[in-house]
Amino acid sequence: MQRRWVMPACAVAAVLALGACATEGGTNVTGDHAANGAAPASKEKSKALPMGLDASVNADPFPSTYRPLPGRLTAIVGANILTGAGQEIDGGVVVMDGGKILVVGPAGTAVPANAVLIDGKGKWVTPGVIDAHSHLGVYPTPAVPSRSDGNELTDPNTAGVWAEHSIWPEDPGFDRARAGGVTTLEILPGSGNLFGGRASIIKNVPSITTQGMKFPGAPYSLKMACGENPKRVYGGKGRAPSTAMGNVAGYRNGWINAADYKRKWDDYHAKFDKGEKADAPKRDLTLDTLAGVLRGDIRIQNHCYRADEMATMIDISHEFGFHIVMFHHASEGYKVAALLAKEGICIATWADWAGFKMESLDGIEANAALTHRAGACVVIHSDDATITQHLNQEAGIAMGAGNRIGLNITPAEAIAWITLNPAKAIGVDKMTGSLEPGKQADVVLWSANPFSIYAKADKVFIDGGLAFDRADPRYQPKSDFELGQPGEGAFQ
Amino acid sequence: MSRALLLALAASAVLTGTAFAETIAITNAKIETAGAAGEIALGTVVIKDGKIAAVGASVTTPSGARVIDAKGGVVTPGLIAASTNLGLSEVEGVRATRDEFAGTDIGAAFDVSYGVNPASTMIPLARQSGVTRAVTAPSGGRGFGGDQDEIEADTLTAGTDSGHSAGASLFAGQAAGITTAAGSPDLVFKSKMAMVIDLGDAGARIAGSRGSAIVLLKSTLEAARHYAANRAAYDRGQSRDYHIAREDLEALIPVVEGRMPLLVRVHRASDIHQVLRLAHEERLKIILEGCEEGWLVAAEIAAANVPVLIDTEADLPEQFESLGARLDNAARLQAAGVTIGIEGSHDFNNLRQARFNAGTAVANGLPYPAAIKAVTSNMARIFGLGDTGALEVGKTADVVVWSGDPLETTTWPTAVFIDGREQPMTSRGLQLRDRYAKHPDDGYPLAYH
């Protein structure tokens, strides 16, 4: 591909893409399990409060300034396509324009005459990889204490902290992940707290600010953590929780406070709307997030290894009326796969990283495959700046482990573990995660079958813009941090 | 006679039986010999009396041999994992299961071989990754009581960067060679294989700075030499004072005499340069491990004829001492003439990563045959295990049959032989898998099955 087309075309493409972005930004993204009734309060009347004192007035105080890279009408012809939505197309055609997927079709599909052609023969095309569990930016490299901003270990309930305020956009790990085909990430707070804080969904583009990476229209999620980490952190400080039962009491107390807080605000808004005298509750960032979960606006991403603990968390979700979107790590997902399928809860797991602590002792290679077989939604995640670069191969290992026992999992199915399924879990599946007309053109061209150890991402498109090209140094962005350092940020 | 040899003899006495004498022919296989013969597209490997008896395209199956049809799969030598904590650590987050740290009373004298646990569930897991031998090695520093999150809790909350190294010895201790054979009372086939030391950031955390660490190292080596020449005087109390304990001095004598390799974990190009210089000055036999910036000084490493153990996935500026990490490090070092060994992760639970890391190296420019050697015959060369690591007549019959390309994500071993004995193809993880995969819905909990 020649760079020549970029300049004249980008203005048009950027305008198209921006228009699209603006529309998406206005999309009303809510959880699958929105709380009953609870219509949004009248914003006009609530404005009577001084700015910043009513969370319902401005749910997005750190708005995205993301602008897609310049792109143009492009067709990848002749590659094997895994759509992410269940199809495999041998030697097919993918056309993207205006930041969107225009056409996905079999060999012989008409290609617009003025499209930039990319020969995909012998190569593979998939949706951009989505890592639903990343700490890039909040635990960046180099790993030094002054940049270790992922765990606010000062209280077991820090639902009021937001990962986006800890992200260092210059983390060189973002560039490595992009070269591994990762186009979207969920950046999570750590797992040291019962309620760790809000996650941030980002598009994996270089940016000076975090706002410049924020995925427009993506919903918020709240990180929760089961098990050993919170009780060890706080037990070690001589305070609650110090046991598994202390953890559970901590979650329930958190939800009781949240329900009470939500009721006060709902009462206030109801009275205010009727013109009655009403005292506004004092806004509380921690409870804002928890109440947002109870309203169905904020998703639950739950770090939880053990089968029994997952079952307990599900009961808590029933007790307080919210939905857990995904159990992260879920080393024992295979033990409760039917329950997860019934509850509509995904697991995000590794191929076989296990055994590093008691709660991960029973992790097995076939975890993803067995859970998938039971009908639950499976995601392969990284939680690691190295593994995030190899999620395609991690998925290959997990698929192989299933096929070793005759589960016959196809590449077309397994690719969803790192594309459409994580998109669903983090709430962006209407916008990205599969190669379907109208979706964002987040596309990877692989040198080989993406599940192969030898596969490399040759080209990575994000919203139709060429974000990485293995063969062209002009599309190999480098973090400010790496200038003037050994290797100058060249990592391949 | 060494303790290890005694135990090895005891082990062979116990295990000598019909299986040992069995003659096996693995037919219909693509053979990666990792030796001079390279790759044999289709052939047979014959195992007899624990040794490789024949390898080739036109080998006749001996009469009476048990035939294993590889069905076009690949046969390789057993993989040799380097610098792992296999057999020393069971659960990372459970301190009582970890025997890889020297503690604070001794350093160089620490011998991991006494702590190797043949019943570790990680041993069958290693076999499932095609690993038949491993160099199990101590970890540097003083050790800690929990996992990464605990370090995090300790250091981040307190806002300190203690590194958990206060009071630790500069030397991590001595590595041992183990097999992953099932049923052995002792897996150690060679103790005291290498002395391990962490330099760079880790050495600086112990000594105060890089400069202090090198000076301390040199003075310790000098003390060991002096002690070796003045043992009798030491026993009479007529020797000078040494800054480390007698057992540590004893342990270092083979190192200063060049009989035991010093395995140096080091990362930054300038640190590699300093270590090569020190090794030359002190006439040490060394092995480098880590070496993320090795590619920057590849010619110097090659000229010194020093082998390197690397993790080929390392491409992040993980620390300030590895800012130049890159994916083609293995390819560049190999092209410069350096003998490389490719490791998985030091952590037991990522041991399976060794073969995938070899594949990753191929994807980033390392020739395929070199990648195979980097997890087999090169490792044997590096650690002086000349009778293993290749499918050549007369070598120890450590053999793995794979369902396909051993470096690929979707293949697995179908048969593993160690010293000519076929190994059980199971592990705790596979038992769990089978319990849940074959769920018989008969009203009884799975614990009954």
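In the predicted model, contacts within chain B between residues at least 6 apart in sequence are joined in 72% of cases by residues at least 24 apart. Chain B comprises 449 residues, of which 56% count as buried, and its secondary structure comes to 15 helices and 16 strands.

Confidence along chain B has a mean pLDDT of 90, with 88% of the residues reaching 70 or more. Over residues 1–19 of chain B, however, the pLDDT is below 50, and this stretch has 17 contacts in the model beyond near neighbours in sequence. A further stretch of chain B, residues 144–163, likewise stays under 50 in pLDDT, and here the model has 32 contacts beyond four places in sequence. For the complex, the predictor gives an ipTM of 0.92 and a pTM of 0.91.

The contact between the two chains takes 51 residues from chain A and 50 residues from chain B. On the side of chain B that touches chain A, at least two residues each are supplied by helix H4 (148–158), helix H12 (353–363) and helix H15 (428–437) of chain B, and H4(B) gives the most, with seven residues. The residues on this side of chain B divide into 20 nonpolar, 15 polar and 15 charged.

Helix H15 (428–437) of chain B, one of the helices that supply this contact, has as its buried residues B:Gly429, B:Leu430, B:Leu432, B:Arg433 and B:Tyr436. These residues lie on the same side of H15(B), because they cover an arc of only 155° around the axis. The buried residues of H15(B) pack against helix H9 (367–373) of chain A together with helix H3 (122–128) of chain B.

Within chain B, B:Leu385 is found in the loop between helix H14 (377–382) and strand S14 (399–402). B:Leu385 counts as buried because 20 C-beta neighbours lie inside 10 Å, and a residue is classed as buried when 20 or more other C-beta atoms lie within 10 Å of its own. Not counting residues up to four places away in sequence, B:Leu385 touches B:Gly177 and B:Ala380. B:Leu385 and B:Lys190, although 195 residues apart in sequence, are 9.5 Å apart in space from C-alpha to C-alpha.

Notes:
Residues numbered from 1 in each chain as written. Chains lettered and ligands numbered in written order. Predicted model: local features only at pLDDT ≥ 70, side-chain atom pairs only at ≥ 80, totals over all residues. Contact = placed C-beta atoms within 7 Å. Helix = DSSP H or I, 4+ residues; strand = E, 2+ residues; numbered from the N terminus. Nonpolar A, V, L, I, M, F, W, Y, C, P; charged D, E, K, R; others polar. pLDDT = per-residue confidence, 0-100. Buried ≥ 20, exposed ≤ 12 C-beta atoms within 10 Å, placed from the backbone. Arc of directions from axis to C-beta.
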